Amino acid sequence: MTSPATTASATTAPGSTTSGTTAPGTTAGTTTSATTPPGTTASVPASPHRADVLEKHLGDPRDPGNPLGFRQILAADERAEMFAAGERALDEYGLNAEFVPPEYGGRLTRLDDLIEIMRSVYRRDPCLGLGYGASSFIAAVNIWTAGSEEQRRHVAGLLLDNRKVSVAYHELAHGNDMAGTEFEAMPGPDGRLLLNGRKEVVTNLQRSDAVVMFARTDRRPGSRSHSQILVDKAGLPEDRMAYLPRFPSVGMRGVQLGGIEFHDCPLPADSIVGRPGQGLETALKAFQITRTTLVAMFNGMLDTGLRTTVRHLSARRLYGRPAIDLPEVRSVLAATHADLLLCDAFATVGARALHLVPAETGIYAQAVKYFISKILMDAMHRLSTLLGAHFYIREGEHAIFQKLLRDIQPAGFGHAARAACQMSLLPQLPLLARRSWSSGQAAPEELFRLDAELPPLPFDRLAVTAGGRERLSSSLAAGLEAEPALLLEHPVIRRVGRHLTDDLRDLTAACAHLPAAELSVAAGSASYDLTHRYVNVLAGAACVGLWRANQNHPDPFLRDPAWLAATLARIPLRPGNPPERLPQNLEQRLFDELIHRHEASTSLGLVRRSLADHNPKEN
């Protein structure tokens, strides 16, 4: 095991946070492991990806001697504290540089890289993932999207100096209704802004050096009445602000959720981010990046949840044999692995879309957040039924599971609720039906081809809505029609593919002329079900596109149609009902792949990576 205190790699030395260069190996090719059995050949990076560097830096989380391991993480959770040793380790790695574009000294070049890096954090301690990293990323994206050059350099300097930036969007009284925000930043008699009001349940509010705040800057009604404000706390008079008591939480207990109250607190007039009144527009653009990436990072939690369950069931004996040999147990494990792959596939396409087709991501970001969060939460719950009484025990070898089960719940409501994502999608359906769904125009192949280069993040090309234009849904029918042999050989792909393509055709007719009353928060459940069915089409198209575009990938599993069939089978085709069981042949294939990767200590997603965990067979 590599010691967590040891520098991870010469390419990314601790403290090198101001380097604008990307560590060698970011887009490295792959090599095949010589120990992998035929048919399940594993491919691992030929040279270190930054995620591999961080993984080695953090070490084996199950090693009781690792000061950054699960034992110490759980002790911090019991105290409801942030894991201090973990934060120091992330400082050494320079994690904040991953949130800063290279033109400002950071390493934020590709969102798929960022997701992989953050999964290494989330699979150990989601409180570190959110409380150290993601909360600053959420705040910073608003600055990269609309901030002035001075604001960008200031926030970049804070992050590269291992400082924190928080974001205060919501208020308890208004939830996801950002237009109802009452917190004010109104012009005072001397031209400065005056802050008045309170914000609650804000991550890292007291620990941050700056806060991006969503505030009312005009008392007139309308979408232009709010702005985003960059508040540098160092310049605030202490007698005009007061912190509220910390908000304790069931999950993410180490994350510091706080509140703040202002009374006529002066702020420089140039603190507004972007143009006055542009706050909601900026937030909606930034959400496209953060909603896509944050829920994708949560995949790391399911990875650990699956490993923990496999370890427990492999050691536990029931009815005279290892529990993992029971058919029902294997069925649940295989289905959960398929769920993880399904989430990874949709998130991968969503992240690449932000680079390649930013004008369309007003659709994809909502869909990714809505779809993936529910699958991840349901999957962890199913695993808890396999662990039985062990899933809620807070001590011992498998105690990390109960923490992850609690910590994964914000996937469904944190940052934005699933219902809010549906509400964002619903009014866009009529235009999509008239302009896109019947056009047959497929998405570019680079959206799916994992070895294709990605252009820099186009913050300036993000749009509030897609204007009824998106091409991913049309890629489903085009992809399936191009693979007649695949449909003949794999009945699951044929059945689910036909269901989804027929559904898109039905949706085109049903949504083209939806009445205005069914496009608002007052819409009936049947209208909300339309968004569920549409999101299913997008998820299916992502899976089909990834399988087709990566037939030259060095990993045979990625070329194998079995993972495609299994992920399509796990799409919840009927709103409110779980997906069907996997056919026995797919169960066996996914179970075998899961066990092989667990024993080989490689990640469980589409692109496998070597992990710092000891091979269980060597323990």
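Student: Is Phe371 buried or exposed?

Tutor: A note before the answer: this is a predicted model. A residue counts as buried under 20% relative accessible area. Phe371 has a relative accessible area of 5%, so Phe371 is buried.

Student: How are the rings of Phe346 and Phe371 arranged as a pair?

Tutor: The ring centres of Phe346 and Phe371 are 5.5 Å apart. Planes over 60 degrees apart count as edge-to-face. The planes here are at 85°, so the pair is edge-to-face.

Student: Which helices hold Phe346 and Phe371, and how many residues apart in sequence are the parts that the pair ties together?

Tutor: Phe346 lies in helix H9, residues 327-356. Phe371 lies in helix H10, residues 361-387. The pair therefore ties together parts that are 25 residues apart in sequence.

Student: Is Phe346 buried or exposed?

Tutor: Take the cut-off again: buried means under 20% relative accessible area. Phe346 has 1% relative accessibility, so Phe346 counts as buried.

Student: Which residues touch the most other members of the largest nonpolar core?

Tutor: This core has 174 residues. H9 gives the most to it, with 16 residues. The residues that touch the most other members are Leu95, Trp144, Leu333, Phe346 and Trp563.

Student: How many residues are in the second, separate core?

Tutor: Its members include Ala168, Val211, Met241 and Ile272. The size of this second core is 19 residues.

Student: How many aromatic pairs does the structure hold, and how are the rings of Tyr169 and Phe287 arranged?

Tutor: The structure holds 7 aromatic pairs. The rings of Tyr169 and Phe287 have their centres 5.1 Å apart. Their planes are at 75°, so this pair is edge-to-face.

Student: How many residues apart in sequence are the parts that Tyr169 and Phe287 tie together?

Tutor: Tyr169 lies in the loop between strand E3 (165-168) and strand E4 (184-187). Phe287 lies in helix H7, residues 279-297. The pair therefore ties together parts at a sequence separation of 118 residues.

Student: Are Tyr169 and Phe287 buried or exposed?

Tutor: Tyr169 is at 5% relative accessibility. Phe287 has a relative accessible area of 1%. By these values, Tyr169 counts as buried, and Phe287 is also buried.

Student: Where is Arg107, and which ring does Arg107 lie over?

Tutor: Arg107 is in the loop between helix H3 (84-93) and H4. Its relative accessible area is 2%, so Arg107 is buried. Its side chain makes a polar contact with the side chain of Glu98, at 2.9 Å. At 5.2 Å from the ring centre, Arg107 lies over the face of Tyr93.

Student: How many of the residues of H4 are buried?

Tutor: Helix H4 runs over residues 111-122. Its buried residues include Leu111, Glu116 and Tyr122. H4 is largely enclosed by the rest of the structure, because the buried count is 12 of the 12 residues.

Student: What span should H17 have, and how far apart are its end C-alpha atoms?

Tutor: Of the 25 residues of H17, 20 are buried, so H17 is largely enclosed by the rest of the structure. At 1.5 Å a residue, H17 should span 36 Å. That agrees with its end C-alpha atoms, which are apart by 37 Å.

Student: What does Arg533 touch, not counting residues up to four places away in sequence?

Tutor: Arg533 is found in helix H17, residues 525-549. The residues that Arg533 touches are Asp503, Asp506, Leu507 and Pro575.

Student: Which backbone oxygen does the side chain of Arg152 reach?

Tutor: Arg152 lies in helix H6, residues 149-160. Among the residues Arg152 touches are Tyr104, Trp144 and Gly147. At 3.1 Å, its side chain reaches the backbone oxygen of Gly147.

Student: Which backbone nitrogen does the side chain of Ser603 reach?

Tutor: Ser603 is in the segment after helix H20 (584-600). At 11% relative accessibility, Ser603 counts as buried. Its contacts include Asp303, Arg307 and Arg609. At 2.7 Å, its side chain reaches the backbone nitrogen of Arg609.

How values were computed
Residues are numbered from 1 along each chain as its sequence is written. This is a predicted model: local features need pLDDT of at least 70, side-chain atom pairs count only at pLDDT 80 or more; totals for chains, interfaces and linings use all residues. Side-chain values use heavy atoms; hydrogens and water are left out. Rings of Phe, Tyr and Trp (its six-membered ring) pair if their centres lie within 6.5 Å; planes under 30 degrees apart count as stacked, over 60 as edge-to-face and the rest as tilted. Helices (H or I, at least four residues) and strands (E, at least two) are DSSP runs, numbered from the N terminus. Buried means under 20% relative accessible area, exposed over 50%, partly exposed in between (1.4 Å probe, protein chains only). A charge sits over a ring if NZ of Lys or CZ of Arg is within 6 Å of the ring centre and within 35 degrees of the ring normal. A nonpolar core is a set of buried Ala, Val, Leu, Ile, Met, Phe, Trp, Tyr and Cys residues joined through side-chain atoms within 4.5 Å. The expected span of a helix is 1.5 Å times one less than its number of residues. A polar contact is a pair of N or O atoms within 3.5 Å; within protein, one must be able to donate a hydrogen and the other to accept it, and residues adjacent in sequence count only if both atoms are side-chain atoms. Contact means heavy atoms within 4.5 Å.
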